[in-house]
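Take a look at the structure below. Keep it in view while you read.

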Amino acid sequence: MKTAVFLVKNGIGYGHIRRALLLAERVRAAGRLRPVVISQAHTLDLLRTASVPVLNLPLVHRVPSAVGEDCYLEILEAVLARLEPAVVVEDTYPDVRYAALMALHGVPRLLVLRRLDGLSFDQLRARGAFTRYDRILIAQDDQELMSEGHSGDSLAAIRYSDRVLLAGNVYYRPHADAVDRIRNRLRGAPLVVVSAGAGGDQLADGFGDRLFRGCHHIAERMHAEDHPAQFVLVTGPYYAGAELPETENVTVHRFRPDLPALLAAADVAVIKPGNNVLSEALSGSANLVLVPDASFMEGVDGHAARIAELHGGVVTSTAVGDLEAAIRAALVEPLRRARPARPDEAIGRIDAAIHSHAAVTEPPAVAPRTVGLVLRLSEDAAADGTGSPARIAILGPDGAVGIERLSECAGGSSRSAVILGDAVPAPPVRPQDIVDHGGRLLISTGPDLEAAVRRWLDLEPPRPSLLWVAATSMRLRSSDPTSFFRMLVGRLAKAVSVVMVLDLTALSPGEVEEAVRRIEDWIRRQPVRIATPNDLITEQATALLEGDQ
Amino acid sequence: MTEQPDRTLHVRRADNDLAGFADRVVELLLSEPPCLVDLSRHEAGATRIALYVTTQEGRDDHT
């Protein structure tokens, strides 16, 4: 049986390990691949609950000597060489040490990416961190993605590149029995669960100490008032704050394997809203008290505000007065009814991608060079098959298809995904209108966008961005396209993908037909493929994903 | 690679003998039922790497 290797690192929370275990367990259940999770984590708590094999290393970038780091990497190389994985799945942060492992070179590599804030996604993308992945499986749906505040370029890369799949959120959803058992033990007492994931004080900013000590005080005061609420504080293994004594209404745990069930059973969840704990809390009915702290690439403050708006709840600080007011208010609110999507379909989509990439046995083939060919036609020669003139057309596998000129796009009238960007001056329509009506790609008529078009885009940048591609323009004066062939061959000697804008306006309809026929015949005999509009869009979006623009 | 009285497997880079250690790790990873192989509890200087194995029964064997 082939092996699927999952590579993760435990940073602040449990999310990376949780996702890797959920996915590895699904892969194991399918019975066609043998999953092995390779982790770098200081805490073993969650790993001990795994039903799949796990190899845990220390956080290699934090071992105290370069010799030690080398030693661990050599062991990892040797282990991976023996496992001979058919596919590798990483989680969220493209890791330079995992990237450099020789044993994994040439192995299909997938990245499961939990939500990132907009700036972090831009930074990773711009420095080419996504380049080495065959597929990027984002653990979000489109609606969540759009609320993140991503840049237009990031959205275009995510929406249009065929390397990216919006899989949906991956989180652990506890069994109803486990939730019921917890609720039954409470005998009707309201339950307040406090969790900061694994994080606690790992960031050394005292957050865990303030949060848990504050909640402990609040519980003490409520107990003195004979309030029936029971508090469960799950500090996380990295908690390094003051000791928290258990009292009649407070229990304290460093780790609870059933934390998801506990959160689902809670009336109030007081959490640092990292993706994992937040998703687990949202799967239940608890009213949310969200207490953001520093995070790594998650933008927890902004996310907390969006979650509170979408699902209810309150965003507060660790100040005891604020926390107490929020907890007391949450205890008298009706329980939350809205639930996010279940994770089953998202896990299934990622599982399918893992199996699909592992199943490839045929040697890969070198892709032929591609040419995108835009034809400018005179009024006489133009016809798009519907009887209406198309003065600009793009050649496709099934003949020429009419496209629009940017200069002729009126508000909302754009119907083409690909548009010839030859407008001087820029058109009386906002770039966002073009994008909202399906516009995806501008083809410039030269090596750069015309200054007026560039300014038009820069003044009101759309989301997602309107992609653009440079083209080479030339004019044919007879039906003999030999000069075009020479120019195209010259361009293709330097680039694997070329876009040409061919002006045929000097030709009669018969000459246009003859020229196009000869061009199509010639291309069929070359190691070249005609690029469809979708090919051009995908190519430019992938270039953005890889940070090429 | 040498086995010490405390059952720690000592791997020294100078021995150029990581192969046996890696073989043992892979053997454990491929065994049933699945287990957790932990190499994270290294000592300062990391010239000794201890190998712990946690099975589903909860044992924590230090080899």
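Predicted model: local features only at pLDDT ≥ 70, side-chain atom pairs only at ≥ 80, totals over all residues.

Begin where chain A and chain B touch. Chain A gives 30 residues to the contact, and chain B gives 26. The size of an interface is often stated as the accessible area that is lost when the parts come together. Here, chain B and chain A bury about 2500 Å² between them. Of that area, 68% lies on carbon and sulfur atoms.

Charged side chains meet here too. There are 2 salt bridges between chain B and chain A. One salt bridge links the side chains of Arg82(A) and Asp23(B), at 2.5 Å from N to O.

Which elements of chain B give two or more residues to the side that touches chain A? They are helix 1 (18-29) and strand 3 (36-38) of chain B. Helix 1 of chain B supplies the largest share, 8 residues. Sorted by class, this side of chain B has 15 nonpolar, 5 polar and 6 charged residues.

Look for Leu55(A), which stands opposite Val37(B). Strands of a sheet pair through backbone hydrogen bonds, in either a parallel or an antiparallel sense.

Now move to a sheet in chain A. This open sheet has 6 strands, in the order 10-9-8-11-12-13, with parallel pairing. Strand 10 (250-253) and strand 13 (314-315) of chain A are at the edges. Each has a single partner strand, so one side of each lacks a neighbour in the sheet. Strand 10 of chain A is joined to strand 9 (residues 230-234) of chain A by 4 bridges, and these strands run parallel. Within this pair, Leu233(A) stands opposite Val252(A).

Last, find strand 20 (residues 472-475) of chain A. In a regular strand, side chains alternate between the two faces of the sheet. Which residues of strand 20 of chain A point to one face and are buried? They are Thr472(A) and Met474(A). Strand 20 of chain A pairs with strand 21 (residues 497-503) of chain A in the parallel sense, over 4 bridges. In strand 21 of chain A, Val501(A) is the bridge partner of Ser473(A).

Technical notes. Residues numbered from 1 in each chain as written. Chains lettered and ligands numbered in written order. Heavy atoms only, no water. Contact = heavy atoms within 4.5 Å. Buried area = accessible area lost by both parts, 1.4 Å probe. Salt bridge = Lys/Arg side-chain N within 4 Å of Asp/Glu carboxyl O. Nonpolar A, V, L, I, M, F, W, Y, C, P; charged D, E, K, R; others polar. Pairing = 2+ DSSP bridges. Buried < 20%, exposed > 50% of the residue type's maximum accessible area, 1.4 Å probe, protein only.
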